[in-house]
Amino acid sequence: MFTKATWLLPIMALCIITGGSFHAQAQRKKQKAKVDTIHMVTIDSATIRKNIAAMAKDSNRIKKSDTSVAILINRIEDYTLMLNEVMSSLRRGFDTVNISNGLPMTDTSLALIKYNIASLGRTPNINDIYTNKVMLEQLQRKLDSWQSTLFSYYDKLVGINDTIYSLRRDSAMRNIPAENELYGFYLGQITNLILKFHAVDSANKVNLIRIGLLQNKVANRYIEVSNLYEDMDYRLEQHSANMFARDYRYLWRPHRDSINPLDFFPVLKNSLHKSGKVMGIFFIIQWPVFFVWLLLAVLFTWWVYHNIKRIKQNHTEEEGETILQHTQYLYRFPIACTVVLVTTLSAVLSIRYPILFTEITWLLNAIALTFIFRQLLSPTLFRTWLLMIGLLFLYCLNNLLIEVTYAEQWGLLIGAIFSTILGYRLLKETALSTFAPPRFIRPVVKLFIATSIFSLVLVIFARVGTAKIMGSSAIVNTVMALSLFSLVKILMEAVYLQVEANKDSSTFISFMDYQDVQRKSKTFLAILAVVGWLIIIARNLYLYDAIHESISDFLSSPHQIGNSDFTFSSIIIFILVIWVSTVASQLIAYMFGSTGQTTSGKKTKFGSALLLLRLAVLAGGVLLAFAASGIPMDKLTIVIGALGVGIGFGLQNVVNNLVSGIILAFEKPIEVGDVIEVGSRSGTVKEIGIRSSKINAPDGSEVIVPNGDLISQQLINWTRTNRTRRVTFLIGVSYGSDIKQVTDIIKSAFTDRKDVLTLPAPVVQLIEFGDNAINFRVYFWVGDLDNASTAMSEVLATIYTALNNAGIELPYPQRDLHIRSIDELLMKKWEKPGKDEAV
C-alpha cells in the first residue's frame, strides 16, 4: 500500500540536491534555466512534475530501475511520517506569548530602577538599594528562565532544520521506476512530498527568525539587568565599608554643613510611590508566592476547624470543652494563629523580597499577635506591647524613605530614646508581673535596649543610615522573637488537636502519645526557632549575604588529607543525610509500631515488615549520603572492607544480631504485639529492632533481648495464630466423697462464662488416689490469654463455694506417725505422772 507520505521525502531530496533556483536564474540571468533544481518559494505541483520529468532525462543524475521500487516505497513512507510529525510540532507552535507580554513589564521595572538610581543622593537609604537589588535579582531570574525556554525552542528548530536538509543527502532517492504506470504513480506521490517539504521548510524558517529576534531582545535586557545588579552590589559594598562614617549633618547644626537638605514630605511621597510600583511589579513576577502563602493559610485554618469539630463530636460538651481549653492559642484565636503562622514563616523564609513586602508581613504578624495577647497579657504588659507595635509601624514607614531628611534624623533620635525607656519598663514589668514570661524574654529585652542605645549614639554623631538600621532591627527582632515563640506553641497545639481528634480512629495518629511527641519535638522546634531568629537578625542588619557567602566559601573550599580531597559541606551533607535517615527510621517505628498504648489483644497490622522498611530507609540513607556528599561510590567498597575486618575481630555478635533481625523480618516467628516466652522471661513484643527487640514484661519492666537469642533459643509464642490458651489446675476432695457429684459440681462452675470456651469443652479427670485426697485435674480454654488468670480465679472460687454447700470436704494434708523406739528414761518420766494421777 502506497501513501503520499511514502513519496514525499525522496522527491524533495532529489529536487534540493540539484542546487540553485530555476526561477531565480531565469529572472536574473535572462537565460534558459537548468532543469535540475526546483524553487522552493514559488513551487507548485505543475512545476514539480515538469522539473522531475526533465531531470528523468538526465541519466547521469537520475537512474531508472524497477528493482529499487521497494526501497523507494519504504523511504517515502518513513520520510512522510517524519515530515508529518515535524509539521504537527510546528503547527502547535512555540509558546512565547508570556515572554512577549512580559518584556514591557521588564522595561517598566528597569526604567523605575534607573530613575531611582539617578535620583540617589549622597545619603541613600540602604533599604532602597537593597530593594533595587532584589528587584534586579527577580528580573534576572525571570529573564534567565526566558532564555532557557527560548534556547530549548531554538534547539528544537535547529534539529528540525537539520532533519529536513538531511533528506537531500539520501542517494537512494536518485532512483525512479522505469515502468510507466509505476512512474506515474510515483510522480504523484513525490509531488505531494515536495509540497509538504516546502511547507515544513518555510514554517521552520519563520519560527527560527521569530525565536532569534525574541532571543536578541531578552539577551539585551539580561545584559542590562546584570550591569545594574553589579552596580547595586558595588553600592552595598561601599555602604558596608562606610557604615560608620558620617553621612548627614549634626543635630545641633541644622543650617550649616548641609549635605543633602531635603524636605520630609516630598521624600515620603516619592518613597511611597516608588514602593507601591515595586510591590506591583513584584506581585506580577512572583504572584505564585502569594498564592502559596494564601493556600497554606486556607489549609491550616481548615485543619484546625476540622479537628475542633471532631473533638466536639466525639465527646460530650463538657469533655470536649475541657480538652479544647488546653490550647491557649488555636481554640480561642484560630484565624489570628493562622496569620501568625503564615507571616512568621514568610518573615523567616523571605530572604529575597522587597522591603515593603517584608514590612507588610511584620505588621500583619504584629496585629495578629495583638489579638492573641489582648486576653493573655496583663493590662500593663498589653499597653507596653501596643507601644512596641506603634514603634514598629513608625520604623517600617521610616525604612521606606529613599533619602535622609532633617525631620527623619530627629525622629530617629526620639525613637531611640523612647525604645530605650520602653525596654527598661518592659524589664521591670516582667519582673513584677504574675504572668510567667518565657525564659528568653529578658535576654531579648536586654538586646533590645542595647541596640536602641547604640542607635541613639549613632544619631547623635550623624551616622543616620546606620542608626536607622539599628533602631529598626531592635524593635523588629524583639517582635519576631515573640512571634517565633508563639509559632512553636501554635504548632504544638495543632499536633495536640490532631491527636485528640483521632484518638478513637484506626489511623496511626490514634497510637501517638502526645506527651511523648511534645517532649521529642519541642526541643527541635525551639532550635529551629532560634535559627530563624538569627536569620532575621542577620537580614535586618544586612549581614545575611556576607555571612552566607563566608559560610559558603568555608564549606565549599577543598581540603586534602593524603590523596583524598574533601569539603566541609560534603561532610555536613553526609552526616545530615545519615541523621535524617536515622530519625526517619525511628519515626516509622514509633508511628507504625507499638507505642505502649495499643489495646490489649491487638497486634499492629504492619508487624515485622517495619524492620525491613527501617533497614531499607537506613540503607537508602547511606547510599544517598555517599551520593549527595560527592563521595565516589567506589569508596564504599573500602568501608565494606573495613567492616569485614572489624567483623572478623570483634563484631561477630553485632552482625549476628543484625542478620537475626533480618531473619525475624522474613520468617516472622514473632510479630509486634505477640505474647512470647524466651528463656526465663516472658512478655509482649513491643518492637522488633535492627539489633535487638523490646519486650514489655507483666511486671512493667522493659526487657531488651538481642535478636540472636530469639533465633538461637527455644521461643514460645502464645499468640502466633490465635490468643486462646488452655488453663490447668488440680483439686482434691476427701475420701468418701461422691465422685460423680464432685465432677458435676466442677463442670457447673464453667456454665455461662463468657471468657471460657465451650469448644473445646472443659474436661475434668480423676487422676489419682492421693495420700489424703482423691485428686482431679481440670482443663478449660479461654478465648484471650490475658483473661486466663482472672477466669481461673473466678472458677476456683465458684468450685470452693459449691463444694462447701454440698458438704464435701477439701482435706488438709494428713500424716500417720509410727514410733519404733524410745529412750527408757523418757518412758519412766511419762509413766510416773500417770501413776500419781491414777492414785
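Q: Which residues lie nearest the centre of the largest cavity, and how many line it?

A: Rolling a probe the size of a water molecule over the atoms shows where empty space is left. Here 17 residues line the largest cavity, and Asn-127, Ile-355, Arg-539, Asn-540 and Tyr-542 lie nearest its centre. A cavity is a set of points on a 1 Å grid over the protein atoms alone where a 1.4 Å probe fits but cannot get out; lining residues have an atom within 4 Å of a point. This is a predicted model: local features need pLDDT of at least 70, side-chain atom pairs count only at pLDDT 80 or more, and totals for chains, interfaces and linings use all residues. Residues are numbered from 1 along each chain as its sequence is written, and side-chain values use heavy atoms, without hydrogens and water.

Q: What volume does the largest cavity have?

A: About 170 Å³. A volume is the space filled by probe spheres set on the points, which are joined across faces, edges and corners.

Q: Where does the largest cavity lie?

A: Domain 1 (63–242) and domain 2 (269–551) both give residues to the lining, so the cavity lies between them. Domain bounds come from an automatic or database domain assignment.

Q: What volume does the second largest cavity have, and which residues line it?

A: Its volume is about 70 Å³. The lining includes Asn-125, Asn-127, Asp-128, Lys-274, Pro-354 and Ile-355. Each of domain 1 and domain 2 supplies at least three residues of this lining.

Q: How many cavities of 30 Å³ or more does a search of the whole structure find?

A: Three.

Key:
1 Å grid on protein atoms, 1.4 Å probe; cavity = no way out; pocket = protein on both sides within 12 Å on 5 of 7 lines; lining within 4 Å.
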